[in-house]
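Subject: Structure for your review

Dear colleague,

Please find below the structure that I am passing on to you. I would be grateful if you looked through it before reading the notes that follow.

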Amino acid sequence: MREGNANAVGCDGKERHMYATTHPAAKTSTGLLSIVFVALVGATVLFVAGHAQSATLHDAAHDVRHATGFPCH
Amino acid sequence: MIQRMLAGGLIAGFAAGLLAALLHFAFMQELILLGEDYETGVLVHFAGAGDAPAEPGHSHAAGEAADDHGGNGDGGGASRNVLTVLFTGLTYSGYGLLLMAGFALAAQLGQEVRARDGLLWGLAGYAAFHLAPAMGLPPELPGSAAADLTDRQIWYFGTVIATGAALALFAFGRGFVPALAAGALLAAPHVIGAPRPDEFYGVAPPELAGEFVARALGIGFVAWAALGWIAGQLWAKAPA
């Protein structure tokens with residue numbers, strides 16, 4: 001915005017506006033990455049608790065799998 | 001943002017899981033143990049007909065076996081119940097994290113999730129993860145017959161994904177085409193049909209299985225509603 005303004009550094013309301021317009025673009029990609037990460041953690045936890053067929057896990061989670069309606073045995 | 005999602009998902013998940021576990025012990029566990037008695041032959045369904053032998057012995061044997069399950073027998077009793085609480089908590093934490101990721105994705109796309117929206121998201125999650133799959137693969141009482149496990153898992157995950165996508169399209173799509181696609185996605189798994197066993201050779205009584213399914217769906221409803229509500233509150237009130 002007003003590049004020639006002597007008051008540009010922090011004192012001008014419009015100058016702050018520049019931050020607000022550039023910030024979200026940088027935020028989006030890291031935001032998407034963390035969304036994918038959290039979704040993957042959630043899906044992994046769900047798979048291990050509810051669907052992995054190792055005998056130990058199956059026995060430990062047996063009652064929950066039946067009661068939650070997960071395919072079991 | 002990642003902390004907001006992780007903390008919110010885990011807190012909401014374990015809280016809803018604890019509620020689900022309480023309801024499990026109040027409504028489900030006795031049916032599971034009873035189903036297992038039929039599964040292992042301790043009890044025999046329809047004992048008066050067919051070739052079931054030694055009828056007078058049944059009631060006595062049943063009493064003994066039921067005690068074994070409830071006590072500290074082979075892997076039963078307290079440790080079994082602790083594992084149930086733990087795995088219910090884990091399962092709902094997985095749901096909670098997925099829900100938080102959904103909230104964040106909606107926010108990225110310009111649809112900020114307000115606290116009261118959480119309940120709707122929870123009910124949608126219930127429909128995708130419990131209700132729609134249960135229409136083809138009802139929760140199994142031990143002692144029920146079922147088709148090949150891999151086939152059932154494929155159908156289950158396909159149904160969850162299709163139903164979830166359909167509900168998202170209904171909620172966020174604009175116009176006729178997304179709604180039409182959503183309807184098709186919602187119907188597709190049921191048109192294809194869930195895998196069924198070749199024969200119905202389940203040994204548990206259908207009356208018991210019906211009760212089991214209805215209770216499982218009821219508990220899922222309550223737990224998912226709680227999960228969505230808590231997650232919505234945590235999401236909306238946490239600093240971004």
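A pocket is an open set of grid points with protein on both sides within 12 Å along at least five of seven lines. Please keep in mind that the model is a predicted one.

The most comes from α7(B), with three residues. Sorted by class, the lining of the second largest pocket has 19 nonpolar, six polar and three charged residues.

The largest pocket has about 1200 Å³ of space. It is lined by 37 residues, of which B:Leu98, B:Gly102, B:Trp121, B:Gly164 and B:Ala168 are the closest to its centre. Both chains take part: α2 (13–50) of chain A supplies at least two residues of the lining, as does each of α3 (77–108), α4 (117–136) and α5 (149–172) of chain B. The largest share, ten residues, is that of α5(B). Here the lining divides into 29 nonpolar, five polar and three charged residues. Domain 1 and domain 2 of chain B each give at least three residues to the lining of the largest pocket.

Cavities

Rolling a probe the size of a water molecule over the atoms shows where empty space is left. In the whole structure, the search finds two cavities of 30 Å³ or more.

The largest cavity has about 120 Å³ of space. Among its 13 lining residues, A:Ala67, A:Thr68, B:Ala20, B:Tyr92 and B:Ile219 are the closest to the centre. Two or more residues come from each of α3 (55–68) of chain A and α1, α3 and α7 of chain B, and α1(B) gives the most, with four. The lining of the largest cavity has eight nonpolar, five polar and no charged residues.

The second largest cavity has a volume of about 60 Å³. A:Ala67 and A:Thr68 are among the residues that line it, as are B:Phe129 and B:His130. The largest share of this lining, four residues, comes from α4(B). By class, the second largest cavity is lined by eight nonpolar, three polar and no charged residues.

Contact between the chains

Side chains of opposite charge can pair when their charged atoms come close. Between chain A and chain B the count is one salt bridge, in which the side chains of B:Arg80 and A:Asp63 meet at 2.7 Å, N to O. B:Arg80 also forms a salt bridge with B:Glu36, with the closest N and O atoms 3.1 Å apart. This second pair links distant parts of the chain, since B:Glu36 is in helix α1 (residues 2–39) and B:Arg80 is in helix α3, 44 residues apart. Over all chains, the count comes to six salt bridges.

Yours sincerely

Conventions:
Residues numbered from 1 in each chain as written. Chains lettered and ligands numbered in written order. Predicted model: local features only at pLDDT ≥ 70, side-chain atom pairs only at ≥ 80, totals over all residues. Heavy atoms only, no water. 1 Å grid on protein atoms, 1.4 Å probe; cavity = no way out; pocket = protein on both sides within 12 Å on 5 of 7 lines; lining within 4 Å. Points joined across faces, edges and corners; volume = space filled by probe spheres on them. Nonpolar A, V, L, I, M, F, W, Y, C, P; charged D, E, K, R; others polar. Domains from an automatic or database assignment. Salt bridge = Lys/Arg side-chain N within 4 Å of Asp/Glu carboxyl O.
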